[in-house]
Amino acid sequence: MATTNGAAHAAFDPSSDPVPLFLDGKTITTDRTFDVVSPNDNKVCWKCSAASEQDALNAVASAEKAFKTWSKSKPAQRRDILLKAAQLLKEKEKDAFLYTNTETGAANSMFQFEFNAAYEGCLTIAGLIPTVQGSVLTPSGEGKSALLWREPYGVVLAIAPWNAPHVLGMRSFLGAIAMGNTVVLKGPEASPATYWNFAQIMQQAGLPPGVLNTIYHDPKDAAPITNALIDHPAVKKVNFTGSTNVGSIIAARCGKMLKPCLMELGGKAPSIVCGDANLDNAALQCALGAFLHAGQICMATERIIVESSVVEEFKKKLCGTMDQVFGKEGPAPVLVSSPGVKKNKELLSDALSKGARAIYGDANAEEASNTRMRPVIVENINKDMSIYHTESFGPTVSLYSIPAGPDFEEKALELANDTDYGLASAVFTEDLRKGLRLAKGIETGAVHLNSMSVHDEAGLPHGGVKKSGFGRFSMREGLDEWVRSKVVTWNDNSLSG
């Protein structure tokens, strides 16, 4: 049973209070809780309220009720709330880092990257709200007129991950509420306090009760609660950011219910390093792209494809850059949980047993805890190895050498595209024409020339192809995801104005 925890914007004390839900503008604690374990020390950092299926249905009811008025709100009202939210987000930056670092182990560099992207997202989407407009159409019949209206769907179910909680969490609902929808946000059990923080910021910015309802649940309740939310007739659209395996299950459920969905899923980003590239820059960008946040980013570089004429020089620069950027001393990078470490070590063990070679790092190194692992770079990878096909989502990257010559671009693209995924990629060259040719040939939603594959900003559409998902977040394309078209026609002489 859920109980109201005082005032609508009450804070919680992590030392004694469970992370609350946000339902109908109120903080709610529940009788059932689950532990949130910090990967920094493998200890319980706090408890979180565990929503029941009824709590989830209550969240939908609240959103459905709020939609009646929020859908009629003026663009200026929604813009001002998002601008205020951006201001409050900046003011609470220290709290945000405390929550995110404690729950996910994110270092300050990763936190700044994704926190600033969330802040810019608030500002950008606020400014774009008035640009989504209907239009006057010209029907074929004489004496007839028509209008195209753009109207919100209704209640949106947003499911967001832990690995970049600010940019991915806020992105999951900002566009929807900006266009007049209401949202039930199902946050991740790994980082609920982070989500609670920006949910309460939205409330404090003036978001009316019920427009954004935030719930978390015990991991074992994931299937029944998620299914109940998707199946609810008031839920009109779903967005999900996470793994391809889970995304396929959710998309299938949406398909069964004939509900549209937006999917941003896994990736296996390639970075192509051409013989004419600035190798110092390429080494730095590939290192950052592969190992920022211990590789726990869907856009992380997983394949570095290098022209053979520069491969030896590039390897030296890459290994030297790794020492400078990530260092050999001090604690190993933190992953959010031990299964991520286990998965990456198993991928490496399989590859090394089949002939791969580690050119940086020790795949068998023992660290201070089972949630820590240092970066490893391997070469001599072939298709018989699991790491060739599998998204590692961790601190490993594979390096490939492609013979120089007239077939280099074709062979590099063949390897870059030989994957089920297609989210992000990078190309390093000093020849713009070559860079654009390769960018056109890579099957990904984004290609970054001479910068790392990890790139996310609200001013650019974001999304993937193939099994990396469909639909787009951010920019106008992202806002268009949250309105549907309605055509209105009439005979000019049959109506009086």
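This is a predicted model: local features need pLDDT of at least 70, side-chain atom pairs count only at pLDDT 80 or more; totals for chains, interfaces and linings use all residues.
A residue is called buried when its relative accessible area is under 20%, exposed when over 50%, and partly exposed in between, using a 1.4 Å probe on protein chains only. Helices (H or I, at least four residues) and strands (E, at least two) are DSSP runs, numbered from the N terminus. Residues are numbered from 1 along each chain as its sequence is written, and side-chain values use heavy atoms, with hydrogens and water left out.

**Strand S11 and its partners**

- S11 spans residues 235-241, and six of its seven residues are buried.
- S11 runs parallel to strand S8 (residues 155-159), with five bridges joining them; two strands pair if DSSP finds at least two bridges between them.
- Val 238 in S11 is the bridge partner of Leu 157.
- Strand S12 (residues 261-264) is also parallel to S11 and is joined to it by four bridges.
- Across this pairing, Asn 239 stands opposite Leu 262 in S12.

**The crossover**

- S11, helix H8 (residues 244-256) and S12 form a right-handed β-α-β unit.
- Right-handed means that, with the strands pointing away from the viewer, the path from the first strand over the helix to the second runs clockwise.

**Asp 350**

- Asp 350 lies in helix H11 (residues 338-353).
- Asp 350 counts as buried because its relative accessibility is 18%.
- Leaving aside residues up to four places away in sequence, Asp 350 touches Met 385 and Ser 386 (contact means heavy atoms within 4.5 Å).
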